[in-house]
Amino acid sequence: MADRPDILIVDDGPAWTRETTARLYHLTEQFIETAGRCLIALSGGSTPGRLYQSLTLPEWKRRFRWKHIWFVFGDERCVPPDHPESNYGLAQRLLFAPLGIDPQHISRMKGELEDPAAAARESEDALRRLTEAGLSAVPVVDLVLLGLGEDGHIASLFPGSAALCDSRHAVEVTQSPTGVATRLTLSLDVINHAAVILFLVTGPNKAAAVRAVLEPQSEAERCLPAALVRPTNGQVQWLLDRSAAQHLARTPEDAERRP
Ligand code: 6PG
């Protein structure tokens, strides 16, 4: 990556969850202070899921100004919302229900629709309404949460996907090589137009992908979906635990010691 993104490396376990929750709190407060609301694109996955559970702890539940926070999804599997694989279902169980989030503040991708392309169009229309983006503009989400796949995928943008080069739509239909095949996902363009992109990555099984994306050693690594996250005007922040960061040759501590 040309200019080194903001990388925070935290001890594994509760320390990572605490630090990530605190950073999310301060980011939502910044958006609410300046714009009166914060629009977050939620990610699926177990790592984001850990964060969602933390948000419902009493100390955070009462601190976040939920009435000023709106939710869209970074991606969705083409399954019904109550399906175990649904990203909306994950957020509903871990976040929306425990916090009593107003359903009017949630815009989900309707993965259950027979026609995924129609679902993508409907999600795009909703996103444009929420961001007041005209047809020729790229919708701007305040805060996009991203997990990282071991193959370097983000949202449901997988390595080699034609969607990575397609900026005609804000929401794309893609195919996953594993799990639920047909997916809906924000386009790379929408992700890159976000004000803040937060990577939530933990565990030793992500260390290789983290190194490949942050310290690429080949053209193939430079073309991984996560490596193509280059904010147009915003910023990208990596929230890593030590296990996920273990293969990085250069860490923020090194930079502090060796400017
Ligand atoms: C999904 C997510 C996907 C996920 C990564 C990381 O729908 O599954 O959008 O991009 O965030 O695969 O998932 P884990 O944190 O569970 O490894």
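Q: How far from an oxygen atom of the ligand does a polar side-chain atom of Arg 77 lie?
A: The model is predicted: local features require pLDDT of at least 70 and side-chain atom pairs pLDDT 80 or more, whereas totals for chains, interfaces and linings use all residues. Residues are numbered from 1 along each chain as its sequence is written, and side-chain values use heavy atoms, leaving out hydrogens and water. For a polar side-chain atom of Arg 77 and an oxygen atom of the ligand, the separation is 2.6 Å.

Q: What percentage of the ligand's accessible area does the protein cover?
A: A polar side-chain atom of Lys 206 lies 2.5 Å from a ligand oxygen atom, and a backbone N or O atom of Ser 46 lies 2.7 Å from one. On its own, the ligand has 420 Å² of accessible area (Shrake-Rupley method, 1.4 Å probe). Of this area, the protein covers 87%.

Q: Which element supplies the largest share of the shell around the ligand?
A: The ligand is surrounded by 16 residues, each with a heavy atom within 4 Å of it. Helices (H or I, at least four residues) and strands (E, at least two) are DSSP runs numbered from the N terminus. Strand 4 (75–77) and helix 2 (46–55) each supply at least two shell residues. The largest share, three residues, comes from helix 2.

Q: Is Ser 167 buried or exposed?
A: Ser 167 lies in the loop between strand 5 (143–146) and strand 6 (171–175). Buried means under 20% relative accessible area, exposed over 50%, and partly exposed in between, with a 1.4 Å probe and protein chains only. Because its relative accessible area is 53%, Ser 167 is exposed.

Methods
A polar contact is a pair of N or O atoms within 3.5 Å; within protein, one must be able to donate a hydrogen and the other to accept it, and residues adjacent in sequence count only if both atoms are side-chain atoms.
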